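Let's walk through this model together, strand by strand and then helix by helix. Have your viewer ready, with the chains coloured separately.

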Amino acid sequence: MTSLPTSHSTIPPPIPVETHPNRSPSPGSQAPEQDRIPDPNRLAPEDAYFAPSLSRARSAPANYDDTLGSLNGEATLRPPRGVLGADPNRKDVRKLGAGPGVGRRRRKGAWKKLLWVKQSYPDNYTDTETFLDHLQRNPRVRPYDFWPLVSDSTVIVQHVCSVVIFVCCFVGIVQDRVSPVSIVCWGSVGTAMGWILWDNWIWREQTELSNANGAIGGDDGSSSSSMVSSANPPGNDTHANGTKVSPIHGLGLTMAANNSKEQLPHQSLDSNGSLDGVIDATTRSGLHPAPPNATVGSVDAQDIDRSSLFSSRNRQRLSTVKSAFLIYFSLLGLSPILKSLTKSTASDSIWAMSCWLLIMNIFSFDYGSGEGAGATKFPASLSTNAAVMASTVLASRLPSTTHVFSLMLFSMEVFGLFPIFRRQLRQKSWTGHVLLTLALVIIAGGAVGMTLSGGWASAIIGAFLGGLLTALAMGGCSWWLISLQKYKNVVIGPWDPARPIIRRHWN
Amino acid sequence: MPYNIAMVSDFFFPQSGGIESHIYQLSSKLIDRGHKVIIITHAYKGRTGVRYLTNGLKIYHVPFFVIYRETTFPTVFSFFPIFRNIVIREQIDIVHGHASLSSFCGEAILHARTMGLRTVFTDHSLFGFADAASILTNKLLKFTLSDVDHAICVSHTCKENTVLRASLDPLMVSVIPNAVVAENFCPLSHSSRAPDQIPISPADPRPSPTPIGPDDTITIVVISRLFYNKGTDLLIAAIPRILSSNPNTRFIIAGSGPKAIDLEQMLERNVLQDKVEMLGSVRHEEVRDVMVRGHIYLHPSLTEAFGTVIVEAASCGLYVVCTRVGGIPEVLPQHMTTFAKPEEDDLVVATSKAIAALRSNKVRTDRFHDQVKMMYSWRDVAERTERVYQGIIGDISPSEFYGYYPGQGWDASGDRVRSFALIDRLKRYYGCGVWAGKLFCLCVVIDFLIFVFLEMWFPRGNIDIARSWPKKRPAEKSSTRPIRSSRS
């Protein structure tokens, strides 16, 4: 070890470095305030071990630095924070604040947050100014607002209500109050209506898209795209492919068809190219075949687009109907098996199990809006599987094959198809979404009332109470969540592993 | 006054690593300063019983059940009987635990406090606060450190982290950096001088080494385990771009790990096999031989408490390019390093800058070794650790040891000198949390009862006192040097 003078002669004087990757040296404009008043978002050393004081905002006397500076010169001296070239403004403030300590600093040198310099401070010296300097609290917290929170909670309410309706229907069937056929008929009518509405949306969306694309196609009226597309004559090949591929997606065949329909308008522009391996330009025109010859104007192109779209739509509809029938008949064939599948299990176990499965369904359901990066296009499979399994085990408590079939079909409609419709509705029209929520709440409340005591009067009371309770719960939970935000205390500092920023470039 | 010190950690040789060599170097330097040091660790495969290392450093390999990566199973109390036995046999005054993930260390500190010994804890790593694993680890650390007499951290960032994690009084945490054995990391041109340990006078006008011409090949060395948190992804992304923008550049990569496959795939995809040499894992004693083959050391780590390896690289005369994370910015002076943000683009820019600086011969890398030698030495670390021991034993008065900073609100917690009374200890543990506090108190009470039981069942008088290793006379140099504490 060497004494201080020699180390000074060989090693250049320490240049303080910025010690945090994501913080640039503070701009000069805010420096004076920072020096004067401690930032309430920053922890002081004593905050670390006085736990209660974490939440309190520290207020400092106006002559904060002066008092400290006069009490002990050394400890309050701010070592040069940030880069050397600090603005003169800031230096002035520091001198002012340091008061009587200035002279001594010259002699002894300010403490630096460096390890390689031999410093004349004890090892456990804690510098008030730089200690926990880079700590950030709640840097990415976004405060919630009440009404948006309430409106977002409608999604959960909708799902819980549909589960409640399903359970009530099952209880009704078991207690012979409701005929299973009527339930499944109503359900199917609802599904069919939903599907028609859906189909309408998709149709409108696609025509809009093709109009827009027609304009683009007219714009670039380019040789490449039209030439290639005229080389593969039927532009809706892509479409046919898309629809043929889609029914492979497991459980709901109709669902899968719907799914492909939903995806088409969004994805056809970028990712369909992989389907048939044509270049991007063809894919774009694949949705709406480009004019047969390059000279045709865009108006003509749109007409032809419409007609071909129409035919492609019809194909899709046909395939949807086909898969619906497939499900229908396979369910019909399976119902005797499902009926006796868990017959040997005691009823108690069945109730408990279905309860847990439905709870699992509610908790693992994908309440996302279907937008953004991590969005899935249909509900997470765990949730759907749990619900279908719940209805399967419940079905074994029913007396006849018709009952079983009806319940299963109804559960598929409620748990498989309805969520997709709800999500689309929410994207399309907010009013529709709110109305649907209201309707679901009222129906669920009424169904519970009717199940508990029977009769229309109790249904009305149930609907009223259900609505009231739901409103209270929505408001209460939102308010609760907002009030819980004050306990949020995310601490971020230089000790956290940095998140590497890598540009993905695939040659 | 010489102390009897027990270093306790799960991690020790034959496993090699930063903590292991830290414990070994610190212990041997403390022995040089006249103390008696023993090391307590768990039994490794083929390494059991009591062993002696150089200089009479005694190792107890306690048989214990190892669960994961040489960490023992945390049974709060089962270590106590044998620990008590060892401590009494060796007449230990101070128990010094290392590494927060070591359950041995945590247990030893708890039992040592129950037995009325002073304890020190050294933290070597950084932890976040967000994920579930860190929350659990932090709670355990709080349990360990609630009653510790002093904590040592390897960098200021590490100190901030530990103070926050364990709610410690910042004045009870010292910052004592790691060090390197500079003699083991000398540059090629230096190797002839290595045997004689005479410090070269700073103004030694050695001929500057052959300058690097504009067309000479610059070799960039990377030595790290290839894990995510070592920034291997950044490295993988940056290598092709660095090589394409800087002709006459080569890479040498040493180390192995799960990311090695990604790295090799990148090499194959970009056909860089002739520009990037992959050595696989190298032993610690071979690190120097790899380092001296290069000009630049690239350290893309994402988190690092201290980063001993960059000091070793600088000691070998390499210019260091590293990410500005954790404690790294505190470790080396500006003229030895180029800092980059942990981003691919910035890393490429920083490396190119470093290459340009080397090519223009602006960086006197030949002086790095002597400079590093003055910055970091284990003898200095041992001296500073000794001051901590003096402070907690009471050889330095508390007011001198902890300093006196009026008006900062710190003197409110008066019990920096931690009393051994059970009620005081329980008070400290009780504040750890609503549920955890009660659980910790329960543990402490049970520990105390076990202690009383052991005192009755295996009385102290029946335990033989081990003979100490014959002591060398403490070196004259160290006794004449002014003790660090006098400077404060």
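What follows starts with the strands of chain B and ends with the helices of chain A.

This is a predicted model, in which local features need pLDDT of at least 70, side-chain atom pairs count only at pLDDT 80 or more, and totals for chains, interfaces and linings use all residues. Residues are numbered from 1 along each chain as its sequence is written, while chains are lettered from A and ligands numbered from 1 in the order in which they are written.

Helices (H or I, at least four residues) and strands (E, at least two) are DSSP runs, numbered from the N terminus. Two strands count as paired if DSSP finds at least two bridges between them. A residue is called buried if 20 or more other C-beta atoms lie within 10 Å of its own, exposed if 12 or fewer, and partly exposed in between, with C-beta atoms placed from the backbone.

Let's begin at strand E7 (residues 94–98) of chain B. Of its 5 residues, 5 are buried, so E7(B) is largely enclosed by the rest of the structure. In a regular strand the side chains alternate between the two faces of the sheet. Here B:Ile94, B:His96 and B:His98 point one way and B:Val95 and B:Gly97 the other way, and all are buried.

What lies alongside? Strand E1 (residues 4–8) of chain B pairs with E7(B) in the parallel sense over 4 bridges, and B:Met7 has B:His96 as its bridge partner. E7(B) is also joined by 5 bridges to strand E8 (residues 118–123) of chain B, again running parallel, with B:Ile94 opposite B:Arg118.

Now go back to E1(B), which pairs in the parallel sense over 5 bridges with E2(B). B:Met7 turns up again here, standing opposite B:Ile39. E1(B), helix H1 (residues 18–32) of chain B and E2(B) make another right-handed β-α-β unit. Strand E2 (residues 36–42) of chain B is mostly covered, with 7 of its 7 residues buried. Moving on, 5 bridges join E2(B) to the parallel strand E4 (residues 57–62) of chain B, where B:Val62 is the bridge partner of B:His42.

Further along chain B, an open sheet of 6 strands has the order E13-E12-E11-E14-E15-E16, with parallel pairing. Strands E13 (276–280) and E16 (337–340) stand at the edges with a single partner strand each, so one side of each is left without a neighbour in the sheet. E16(B) pairs with strand E15 (residues 319–323) of chain B over 4 bridges, including B:Val320 with B:Thr337.

Finally, turn to chain A. An unreviewed UniProt entry lists residues 404–421, 433–453 and 459–482 as "transmembrane region"; such annotations may be inferred rather than shown by experiment, and UniProt positions are given in the numbering used here, with feature names shortened. In the model, residues 404–421 are 100% helix, with end C-alpha atoms 25 Å apart. Residues 459–482 are also 100% helix, with ends 34 Å apart.

Helix H18 (residues 401–428) of chain A has 22 of its 28 residues buried, so it is largely enclosed by the rest of the structure. A kink of about 40° lies at A:Phe418, shortly before the proline A:Pro419; the bend is the angle between axes fitted to the seven residues ending there and the seven starting there.

Notes
A crossover is right-handed if, with the strands pointing away from the viewer, the path from the first strand over the helix to the second runs clockwise.
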